[in-house]
Amino acid sequence: MTHARPPKTAMLLAQQIVADINRRGNHVGDRLPPERLMLEEYQVGRGTLRESLRFLELQGVISLRPGPGGGPVVERPDSTALATSLTLLLQFANAPFRTIAESRAGLEPVMAQLAAERMSDEQLADLKASVDTMKRHLGDQRIFLEENKRFHDVIAHGSGNAMFGYLIDALLDILDGSAIGIDYPEVRREAVQDAHAQIYEAIASRDPLASSQAMADHIDQYLRYAERKFPDVLNEPISWTG
């Protein structure tokens with residue numbers, strides 16, 4: 001029988017520092033106490049404190065600013081650490097890029113359904129702007145990829161479920177078509193833009209079922225296209241180094 005290792009002191013201290021950030025109501029840009037005061041408050045060694053702060057920096061909770069008046073400063077974590085963790089987990093599971101594509105097929109129709117019910121007018125306007133920008137720049141693959149990511153990101157956050165927002169941010173960071181070798185000729189970009197327009201219309205109409213179905217069709221078309229044109233890419237193992 002195996003037993004879980006007890007948490008390291010540095011990890012327990014990191015959890016306490018985060019709890020204290022919440023308790024004090026710190027905001028982004030607020031400075032935490034200097035090292036001398038933190039050593040006194042938490043009664044730990046300098047090495048343990050620095051390990052804790054370095055971990056929190058890697059997670060995006062704080063930044064460590066050098067020089068006089070520097071030290072730990074509160075930041076807002078984003079999906080970067082989640083994307084890295086997922087990439088490493090999937091790499092060691094020998095999972096192919098197909099894993100991410102299939103995950104999106106399961107998740108995004110639900111997000112679109114919730115977005116139709118919960119998306120704010122501001123988010124809806126942002127979604128429309130993405131559709132229009134993509135249409136105006138179909139000849140530019142760089143802008144196409146940017147707007148493709150933006151469109152799905154707005155829907156994920158518009159679902160009103162923070163977990164979905166961070167998950168899609170992370171998955172899209174991993175499954176970046178330009179990075180893994182999936183190309184989008186203009187005829188394919190036109191098909192994607194049309195699908196985005198249909199999804200937008202369903203969400204703007206506040207029709208959850210139509211939104212879910214439109215998104216499901218869109219992801220299915222993407223998978224069919226990738227299977228037909230780039231099967232080797234989908235079967236390539238996920239790697240942290242890309």
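User: In which helix does Ser130 lie, and is Ser130 buried or exposed?

Analyst: This is a predicted model, in which local features need pLDDT of at least 70 and side-chain atom pairs count only at pLDDT 80 or more, while totals for chains, interfaces and linings use all residues. Residues are numbered from 1 along each chain as its sequence is written, and side-chain values use heavy atoms, with hydrogens and water left out. Ser130 lies in helix α6, where helices (H or I, at least four residues) and strands (E, at least two) are DSSP runs numbered from the N terminus. Because its relative accessibility is 1%, and buried means under 20% relative accessible area, exposed over 50% and partly exposed in between (1.4 Å probe, protein chains only), Ser130 counts as buried.

User: Which residues is Ser130 in contact with, leaving aside its neighbours within four places in sequence?

Analyst: Contact means heavy atoms within 4.5 Å. With the neighbours within four places in sequence left aside, the contacts of Ser130 are Glu147, Arg150 and Phe151.

User: Where in the chain is confidence lowest, and where is it highest?

Analyst: Confidence is given as pLDDT, the predictor's score for each residue from 0 to 100, and the chain averages 91, with 95% of the residues scoring at least 70. The lowest confidence, at a mean of 49, is in helix α9 (residues 177–180), and the highest, at 98, is in helix α6 (residues 121–136).

User: How many aromatic pairs are there?

Analyst: Rings of Phe, Tyr and Trp (its six-membered ring) pair if their centres lie within 6.5 Å, with planes under 30 degrees apart counted as stacked, over 60 as edge-to-face and the rest as tilted. By this rule, the count of aromatic pairs is 3.

User: Which parts does the pair of Phe144 and Tyr184 tie together?

Analyst: Phe144 and Tyr184 form a tilted pair, at 5.2 Å centre to centre and with 50° between the planes, and both residues are buried. The pair ties together parts that are 40 residues apart in sequence, because Phe144 lies in helix α7 (residues 141–158) and Tyr184 in the loop between α9 and α10 (186–204).

User: What kind of aromatic pair do Tyr184 and Tyr225 form?

Analyst: The ring centres of Tyr184 and Tyr225 are 6.2 Å apart, and the angle between their planes is 25°. Because planes under 30 degrees apart count as stacked, the pair of Tyr184 and Tyr225 is stacked.
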